[in-house]
Amino acid sequence: MSGSEAYALGLVDQLAEDRDGLDALTASVAERLAEGGPKALSATKRLLNEIDGSLDEDVVLRGAALSARVLARPEAQAALSARLRG
């Protein structure tokens, strides 16, 4: 599956237009992850290591469930609220 196809299906929320834009996008995503708190970052790292390119539906659903649990934590909510206000 290409990046464009994943974006069109809603599996990813950002897409770099080209290699030059990838560095800036990567830095932006890294900053967002770091703002989510240490538990969110740790959970994200575990998930990324687990999926390792898998397109298995079960893995995608586990990733969605993990994201929902992480975003429900007070530290993530505070970071998201601050980001939306600022």
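**View 1. A nonpolar patch on the surface of the predicted model**. Seven side chains are shown here: M1, Y7, L9, L11, V12, L15 and V60 form a nonpolar patch on the surface. Together, these residues have about 650 Å² of accessible area.

**View 2. Residue M1, a member of the surface patch**. M1 lies in the segment before α1, the helix that spans residues 3–9. The relative accessibility of M1 is 56%, and M1 therefore counts as exposed, the cut-off for this class being over 50%.

**View 3. The largest nonpolar core**. This core has 5 residues, namely A40, A43, L47, L66 and V70. Two elements, α3 (38–51) and α4 (57–71), each give two or more residues to the core. The largest share, 3 residues, comes from α3.

**View 4. Contacts of A43 within the core**. A43 is one of the residues of the largest nonpolar core. When residues up to four places away in sequence are not counted, A43 touches L66 and V70. Both L66 and V70 also belong to this core.

**View 5. Residue R73 and its separation from K39**. R73 is placed in the loop between α4 and α5, the latter spanning residues 74–85. Because its relative accessibility is 34%, R73 counts as partly exposed, a class that lies between the cut-offs of 20% and 50%. R73 and K39 are 34 residues apart in sequence, while their C-alpha atoms are 9.2 Å apart in space.

Terms used. Residues are numbered from 1 along each chain as its sequence is written. This is a predicted model: local features need pLDDT of at least 70, side-chain atom pairs count only at pLDDT 80 or more; totals for chains, interfaces and linings use all residues. Side-chain values use heavy atoms; hydrogens and water are left out. Patches are made of residues with over 30% relative accessible area and no salt bridge: like charges are joined within 9 Å, nonpolar side chains (Val, Leu, Ile, Met, Phe, Trp, Tyr) within 5 Å. Accessible areas come from the Shrake-Rupley method with a 1.4 Å probe; for residues, only the protein chains shown count as cover. A salt bridge is a side-chain nitrogen of Lys or Arg within 4 Å of a carboxyl oxygen of Asp or Glu. Helices (H or I, at least four residues) and strands (E, at least two) are DSSP runs, numbered from the N terminus. Buried means under 20% relative accessible area, exposed over 50%, partly exposed in between (1.4 Å probe, protein chains only). A nonpolar core is a set of buried Ala, Val, Leu, Ile, Met, Phe, Trp, Tyr and Cys residues joined through side-chain atoms within 4.5 Å. Contact means heavy atoms within 4.5 Å.
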